[in-house]
Amino acid sequence: MMKLVNPTDSSQTGVNAAAAQQEAAVELLEQVRAELAGLELPLELPAADEARQTTANALGQLDDYILPRWRSLDAPLLAVVGGSTGAGKSTLVNALVGHPVTRSGAIRPTTRQPILLHHPQDADWFESTRVLPTLSRVQGELVKDNIPASKAGVAPETGAITSLVLVADPAVPQGIAILDAPDVDSISDDNRQMAGQLLAAADLWLFVTTANRYADAVPWKLLLDAASRDITVAVILDRVPAGAEQEVAADLHAMLNREGLANAQLFVVPEATLNELGMLPPDTVASINEWLANISDDAAGRAEIVRRTLNGTVRSLSERLTTLAQAVQDQHDAGEQLGDDVRSAFADAATKISQATSDGTLLRGEVLARWQDFVGTGEFFRAVESNIGRLRDRIGAFFKGQPPPAIKVETAIETGLQAVIVDQAARAAEDADQRWRADPAGRQLLGLDDLSGVTADFPAEVAADIRAWQGEVLALIRTEGAAKRSQARWLSFGVNGLGVALMVVVFSFTGGLTGAEVGIAGGTAVVGQKLLEAIFGEDAVRRLAKEARNALEKRSASLLEGQQRRFFDRLAPAQADAKRLEALAADLAELGTQGGTA
């Protein structure tokens, strides 16, 4: 956990303590920003879209408000004027400065570009990208009817707002800037998005509504967000008919109390006739101007507004991180489940391959026929079955002279083993594909691709690996035979002959066979085993069989891993750590409680 400076710690007081706290806070917030910037939520889980939007909003607020404000605690306040379509925001802003500076009219939306009014001596604070860094600055000039003229600030391709018009006006109290934002319920998506962004960057809100629309849902959603962040809010009830002021104001005040905004300032602007410049009478907004002037004159009061809004925003960010930590955990759990689905399918394939290569299943059909061709006639096996104990004495006579070539047995083993591995890998891929398609996140990862079978080159890859394994088996025979005194004797059978005998021993258990095949395969295995024991000894044969089996299982596992990798390549490992996000959320909660002081 990051160590935050306690402003009440007697060992760290005054300017040094405040500076240390500010440095620690900025360091923490930059760490949070880096974590959020790298946060990926790739799986399409039910709450993933909302979590991605939460991440984007949190990053935006860090860049637009939290980090700039913590770095510049003594900067002027940014008061954002927001509200519903047609609430009279632009008319109100014009009235506050005493002359037209923003466009008002019947065509909606009238506020197409956000206009920031500031005192000339506060210009340096806003001309840089200290706040709202994604918006370029455009200097506005008061021209005809005092309406500021500026160059383009809207992207022609998308209509998105890309700039902020700055207007220096001595009528604006020093220490406060007023920003006229687009409608929160604008018909333009870009305007609504910009309104939300600007309100999130505010130190205080001037929220404008009307006597007819103060209960609308959209404004209240934003006001509730303001309540959750403990932001300073002034609600301006505009266009109130004569005689209805008390009744409407009382109703709205009661609503504010119920929703946790009891401390919000409430101003009533009566319905009035506009002059030829579209201006309200000055007395209709006198109380609002007085309130703003008092804030301007009170440095301690401004600092308290900053502290309150900043702390509330940081606490809100802490809550967002806690939510995102759960989203990250959900992604991790879902990814683990998808991974387990694949691992389970291919583990089952590995088990079945192991069974098929140890229970005698391979000692049938073509493999059995080629082995019989190699060791002799069927009558020999009948003799073996009737008197297996005399086998050792008869091996030398049976193999009198040069044994037949073993290559056909090796080829039959390769073909049979290849069929088993390819079949089980295909079944595993089909199983994994079906499991993923039953899961929305898995379907999204698969897209239109079909992974329900093996790759085209897999059979050839399996065949090559089997031949490589057979080569390992022959190498085991050579190594073992080289150390034996009976080297001449085992050489008379040939490395390949003894090698295929060892392969047969590896496949020797007969649990998978029935009927006559059990006896034949049993005799087949015993022939190979007794032949090898006669040459190398019982312990050596057991060790050789174990080494050969381990080598085969290792190669089988590697082959299956290559096929399941196609699934795991789509399942990106989680970069974010839910525990790390939770720890940062706890640090933010502590920071939001301690607060900043200007």
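Met279 is found in the loop between strand 10 and helix 8 (286-297); helices (H or I, at least four residues) and strands (E, at least two) are DSSP runs, numbered from the N terminus. This is a predicted model, in which local features need pLDDT of at least 70 and side-chain atom pairs count only at pLDDT 80 or more, while totals for chains, interfaces and linings use all residues. Residues are numbered from 1 along each chain as its sequence is written, and side-chain values use heavy atoms, with hydrogens and water left out.

**Met279 and its surroundings**

- At 7% relative accessibility, Met279 counts as buried; buried means under 20% relative accessible area, exposed means over 50%, and partly exposed is in between (1.4 Å probe, protein chains only).
- Met279 and Pro100 sit 179 residues apart along the chain, yet their C-alpha atoms are separated by 7.2 Å.
- Pro100 is also one of the residues that Met279 touches, along with Asn94, Ala95, Gly98, His99, Thr273 and Leu274, leaving aside neighbours within four places in sequence. Contact here means heavy atoms within 4.5 Å.

**The chain as a whole**

- You'll find 20 helices and 10 strands in the chain.
- Of the 598 residues in the chain, 50% are buried.
- Among contacts with a separation of 6 or more, 80% are between residues 24 or more positions apart.

- Eight strands make an open sheet in the order 3-6-2-7-1-8-9-10, and the pairing is mixed. Two strands pair if DSSP finds at least two bridges between them.
- Strand 3 and strand 10 (265-270) are at the edges with a single partner strand each, so one side of each is left without a neighbour in the sheet.
- From one strand to the next, the twist averages 25°. For angles, axes are lines fitted to C-alpha atoms (for helices over the stretch in contact), and values run from 0 to 180 degrees between N-to-C directions.
- Strand 6 (residues 163-168) is mostly covered, with five of its six residues buried.
- Strand 6 runs parallel to strand 2 (residues 115-118), joined by four bridges, and here Leu117 stands opposite Val167.
- Strand 6 also pairs with strand 3 (residues 136-139) in the parallel sense, over four bridges, with Ser136 opposite Ser163.
- Elsewhere in the sheet, strand 8 (residues 204-210) and strand 9 (residues 232-240) run parallel and are joined by seven bridges; Leu206 stands opposite Ala234 in this pair.
- Helix 6 lies across strand 8 and strand 9, at about 155° to strand 8.

**The largest pocket**

- The largest pocket holds about 1300 Å³ of space. On a 1 Å grid over the protein atoms alone, a pocket is an open set of points with protein on both sides within 12 Å along at least five of seven lines, whereas a cavity is a set of points where a 1.4 Å probe fits but cannot get out; lining residues have an atom within 4 Å of a point. Grid points are joined across faces, edges and corners, and a volume is the space filled by probe spheres set on the points.
- Its lining has 35 residues, and Gln53, Asn57, Gly196, Gln197 and Arg320 lie nearest the centre.
- Helix 2 (48-71), helix 5 (189-200), helix 6 (217-228) and helix 9 (299-356) each supply at least two lining residues, and helix 5 gives the most, with 10.
- By class, the lining has 12 nonpolar, 12 polar and 11 charged residues. Ala, Val, Leu, Ile, Met, Phe, Trp, Tyr, Cys and Pro count as nonpolar, Asp, Glu, Lys and Arg as charged, and the others, Gly among them, as polar.

**Cavities**

- Helix 2 provides the largest share of the lining of the largest cavity, four residues.
- That lining has seven nonpolar, no polar and four charged residues, including Tyr65, Phe126 and Asp203.

**Other residues to look at**

- Most residues other than glycine have a negative phi. Leu132 has a positive phi of about 45°, and is buried at 0% relative accessibility.
- Arg239 in strand 9 also has a positive phi, near 55°, but is partly exposed at 37%.
- Gln563 in helix 19 (residues 538-568) is buried, with a relative accessible area of 3%.
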